[in-house]
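The entries follow the order in which I looked things up.

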Amino acid sequence: MLHAILALLADGQFHSGEKLGEQLGVSRAAIWKSLQRLEEQGFPIHRVRGKGYRIPTGAVLLNSDAIQASLEPSLSEHWEWHLRQQIDSTNAEAQRLVAEAGVRRLVVVAEQQTAGRGRRGRAWSSPFGQNLYMSFVEPVSGGAQGLEGLSLVVGLTLVQALEACGYHGCGLKWPNDVLLNGAKLAGVLLEISGDLTADAVVVIGVGVNVLMDADESIDQQWTSLHRSGQKGVLDRNHLISVFAERLAGSLAVFSREGFSAFRQEWQDYDAWRSAEVRVVSGSNVLAGRSLGVSAQGALRLLTESGEIDVSGGEVSLRLGHAS
Ligand code: BTN
């Protein structure tokens with residue numbers, strides 16, 4: 001029923017409750033109840049007295065058949081797809097699925113996360129029906145050290161997928177934040193489990209703000225595709241399939257050639273290249289000029305005592321520093 005209502009509203013125009021009821025063979029009250037339920041969960045629905053209801057273009061529910069149908073045929077069996085309406089975290093669910101039934105390529109996507117995880121123990125805001133929350137499981141052999149640089153590749157792949165969907169001007173902030181107009185649009189969280197010296201499994205978690213317009217709980221500058229005002233794709237099913245297709249290609253290249261194959265492209269999108277930055281890693285704080293990334297994906301930092309490669313940490317701009 002919800003899918004049917006949303007399919008009728010997918011044109012972004014106003015529809016009266018009466019007309020919707022007629023089209024679906026249910027009462028106006030049933031339509032009202034369904035829309036109310038969605039709205040309570042945070043799904044964007046506009047109501048105007050005398051006109052009815054409308055939803056912003058692209059605000060359609062996730063549908064794994066629609067996602068798979070738009071994947072190129074060679075990828076139709078590449079992953080096992082799992083769609084959840086509500087889950088603690090798609091990364092956690094992906095890890096559970098692997099623990100229960102063994103390592104294989106799978107994807108978990110969800111309408112809502114109740115305990116979305118960000119990097120460095122932060123929470124990731126995950127309201128119902130508005131953004132992308134997805135986790136891809138990729139088996140890896142040869143030890144975890146080969147994975148340095150993978151999270152940068154995922155961020156790069158996402159920027160390129162967004163470009164293909166009509167969003168321009170995205171940049172990367174090391175290691176893998178995606179920025180648009182200087183604010184955070186998307187984040188990547190890699191979690192590795194299994195034997196870190198031999199066969200392991202990496203869960204690639206990706207969150208993209210798509211339709212979200214307001215969230216007072218986020219303590220950093222953020223944006224969404226809708227907020228950007230650009231006229232790109234907002235249909236989340238389509239965004240997922242475009243990203244998934246590109247990710248499959250990137251993972252294949254990464255497993256053969258490592259990060260060095262992506263280094264130049266990553267640097268082309270580096271939002272803070274040559275900027276004066278601070279890198280906080282535990283109790284360690286480093287300051288210097290960002291010189292781009294090494295062939296392994298480390299941040300190259302020119303400090304007062306020379307150039308060093310930084311492998312982990314949180315980077316911020318040194319505001320007010322004369323460059
Ligand atoms: C960051 O802090 O920048 C990383 C955010 C990663 C969020 C995504 S949403 C899908 C997946 N599941 C999670 O719990 N986190 C990641």
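**Ligand shell and pockets**

I first looked up which elements form the shell around the ligand: helix 5 (90-101), strand 5 (132-140), strand 8 (183-194) and strand 9 (200-208) each supply at least two residues. I note that the model is predicted. Strand 8 gives the most to this shell, with four residues.

I then listed the shell itself. It holds 20 residues, of which S89, Q113, R117, R119 and K184 come nearest to the ligand. By class I recorded six nonpolar, ten polar and four charged residues.

A polar side-chain atom of K184 lies 2.5 Å from one oxygen atom of the ligand. For R117 a polar backbone atom is 2.7 Å from a ligand oxygen, and for S89 an N or O atom of the side chain is 2.8 Å from a ligand oxygen. Of the 410 Å² of accessible area that the ligand has on its own, the protein covers 98%.

I turned to the pockets. The ligand takes up the space of the largest pocket, for which I noted about 520 Å³. Its lining comprises 32 residues, with R117, G118, A123, W124 and S125 nearest the centre. I classed the lining as ten nonpolar, 14 polar and eight charged residues.

Conventions. Residues are numbered from 1 along each chain as its sequence is written. This is a predicted model: local features need pLDDT of at least 70, side-chain atom pairs count only at pLDDT 80 or more; totals for chains, interfaces and linings use all residues. Side-chain values use heavy atoms; hydrogens and water are left out. A residue is near a molecule or strand if one of its heavy atoms lies within 4 Å of it. A polar contact is a pair of N or O atoms within 3.5 Å; within protein, one must be able to donate a hydrogen and the other to accept it, and residues adjacent in sequence count only if both atoms are side-chain atoms. Accessible areas come from the Shrake-Rupley method with a 1.4 Å probe; for residues, only the protein chains shown count as cover. On a 1 Å grid over the protein atoms alone, a cavity is a set of points where a 1.4 Å probe fits but cannot get out, and a pocket is an open set with protein on both sides within 12 Å along at least five of seven lines; lining residues have an atom within 4 Å of a point. A molecule sits in a cavity or pocket if more than half of its atoms lie within 2 Å of its grid points. Ala, Val, Leu, Ile, Met, Phe, Trp, Tyr, Cys and Pro count as nonpolar, Asp, Glu, Lys and Arg as charged, and the others, Gly among them, as polar. Grid points are joined across faces, edges and corners, and a volume is the space filled by probe spheres set on the points.
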